[in-house]
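Subject: Structure handover

Hello,

Here is the structure we talked about. Please look it over before reading my notes below.

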Amino acid sequence: MAEILVLGAGMVGVSTALALQARGHDVTIVDRNAPGRETSYGNAGLIQTEAVEPYAMPLAPGALLQIAMGRGYDVKWNIPGLLDQAWAVLAYAWNSLPAAHKRASKVWGKLIRQSTDHHGPLIEAAGLDNIIRRNGYIELHRTPAKLDKARAAVERFRTEFGVEGTMLDSAELRALEPSIKIPVEGATHWSDSWNCSDPGGLVAGYAALFQKRGGRILNGDAGDLHRKGAAWVADEASGEHAVIALGPWSPMMLARYGLKVPMVFKRGYHRHFHMDAPPHHPVADFANSVVLSPMRRGLRIATAAELTRNPRLTPPQLKHGEEAARELFDIGAPVEAEPWTGRRPCMPDMLPVVGAVPDQPGLWAHFGHGHQGFTLGPVTAEVLAEEMDGGQGWAELQPGRLKR
Ligand SMILES: Cc1cc2nc3c(=O)[nH]c(=O)nc-3n(C[C@H](O)[C@H](O)[C@H](O)COP(=O)(O)OP(=O)(O)OC[C@H]3O[C@@H](n4cnc5c(N)ncnc54)[C@H](O)[C@@H]3O)c2cc1C
């Protein structure tokens with residue numbers, strides 16, 4: 001049994017703490033906020049088994065031109081935001097080329113396919129079934145060309161990864177999701193995937209389970225992490241090991257320990273809207289770059305990627321997403337006065353960082369899950385816990401790759 005500090009109480013940190021605790025370790029989480037109040041609060045709530053390929057950057061000349069000209073709603077940027085992360089963005093583009101993306105997908109797909117197996121027992125033990133739906137999610141296709149592409153993806157994902165997806169025509173879609181007001185070309189129903197109506201609540205519930213099982217949560221600043229003899233100390237807690245699970249704040253911490261982490265910070269926004277008859281499933285409308293998720297607080301409109309240093313007061317992606325949502329559904333007024341914003345912690349090679357920090361005995365990294373950290377937290381937590389207990393870890397995820 002070892003004493004272990006886990007820095008960060010998002011989905012990734014809390015899952016890490018639970019996995020280590022299950023192996024008999026004495027674990028303390030340190031977070032300056034309550035569990036699940038940052039990125040793990042603001043996502044679209046999808047626990048995905050179908051997202052077997054990480055998001056590649058669109059590299060077709062037309063798509064790149066559209067992004068460069070500031071048109072479209074998939075990626076918005078401004079000059080300070082781009083300059084801050086220029087090298088990471090270039091590396092991300094390089095890794096979006098077919099051969100590199102295929103290599104990353106092999107590893108990513110293996111992780112993603114385990115997601116519901118790892119969430120399932122935690123949801124049950126935490127008594128959180130009331131905020132989980134196991135009915136999949138729906139991706140809309142607005143043109144015949146997109147529908148054909150989607151059909152090919154369903155076939156490929158089934159053969160290569162064993163993913164279950166069903167193509168729906170307009171009538172079948174309306175039957176499954178009667179709250180959609182307009183006819184669309186068709187849809188994919190990814191029936192294996194789960195979704196959560198309160199993502200922050202799920203993390204808080206996992207954290208409560210960790211405490212019930214004897215774990216400690218210290219409300220404090222992990223920013224002063226330092227070594228004292230053989231121990232790692234953060235705020236008032238100490239341990240033989242420390243795990244950095246600070247999501248988009250992880251690179252700042254690791255820079256102090258000799259590891260320069262190139263990260264693409266893909267900002268997203270969400271806002272809830274009142275709705276009398278919400279959809280039964282989350283609905284992705286990628287033609288308009290939004291995911292629309294029925295949540296406890298209302299319909300959550302979550303946006304795609306923005307590369308900006310500071311959040312915008314009236315984000316264009318959210319405004320456009322609201323228009324698309326109003327076309328599809330009867331939605332009412334916004335629930336909150338201001339939208340929520342946070343940053344997806346994306347690694348340029350699209351794989352999370354999981355394993356021992358080079359040259360720093362007892363220091364471990366666990367972050368960089370990009371678009372799917374809510375899904376993957378418990379999966380990679382198990383990978384890390386096994387390595388911390390003397391296992392090999394996964395070579396492709398090791399922090400050492402960042403030193404090259
Ligand atoms: C709009 C949007 C939609 C998304 N949709 C999905 C989805 O549907 N499904 C999915 O799987 N993923 C989704 N994601 C991605 C997912 O939310 C993230 O990958 C995931 O939440 C990252 O979790 P984390 O624990 O690494 O980071 P976080 O949840 O950000 O946790 C980091 C923690 O570190 C703490 N911290 C930071 N600095 C300090 C400090 N100095 N001292 C103490 N504590 C500190 C913070 O308080 C925070 O609690 C989405 C993201 C966005 C932005």
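A nonpolar core here is a set of buried Ala, Val, Leu, Ile, Met, Phe, Trp, Tyr and Cys residues joined through side-chain atoms within 4.5 Å. Buried means under 20% relative accessible area with a 1.4 Å probe, protein chains only.

This is a predicted model: local features need pLDDT of at least 70, side-chain atom pairs count only at pLDDT 80 or more, and totals for chains, interfaces and linings use all residues. Residues are numbered from 1 along each chain as its sequence is written, and side-chain values use heavy atoms, without hydrogens and water.

Core first. The largest nonpolar core has 59 residues. V6, V14, L20, L202, Y206 and V243 touch the most other members. Helix α13 (residues 373-388) gives the largest share of this core, 8 residues; helices (H or I, at least four residues) and strands (E, at least two) are DSSP runs, numbered from the N terminus. Domain 1 (3-44 + 200-259 + 348-403) and domain 2 (49-195 + 263-346) both contribute residues, so this core lies between them. The domain bounds come from an automatic or database domain assignment.

Now the ligand. The shell around the ligand holds 35 residues, each with a heavy atom within 4 Å of it. Among these, D31, T39, S40, A222 and T375 come nearest. A backbone N or O atom of T375 lies 2.7 Å from a ligand oxygen atom; the polar contact cut-off is a pair of N or O atoms within 3.5 Å.

Best regards

Notes: Buried means under 20% relative accessible area, exposed over 50%, partly exposed in between (1.4 Å probe, protein chains only). A polar contact is a pair of N or O atoms within 3.5 Å; within protein, one must be able to donate a hydrogen and the other to accept it, and residues adjacent in sequence count only if both atoms are side-chain atoms.
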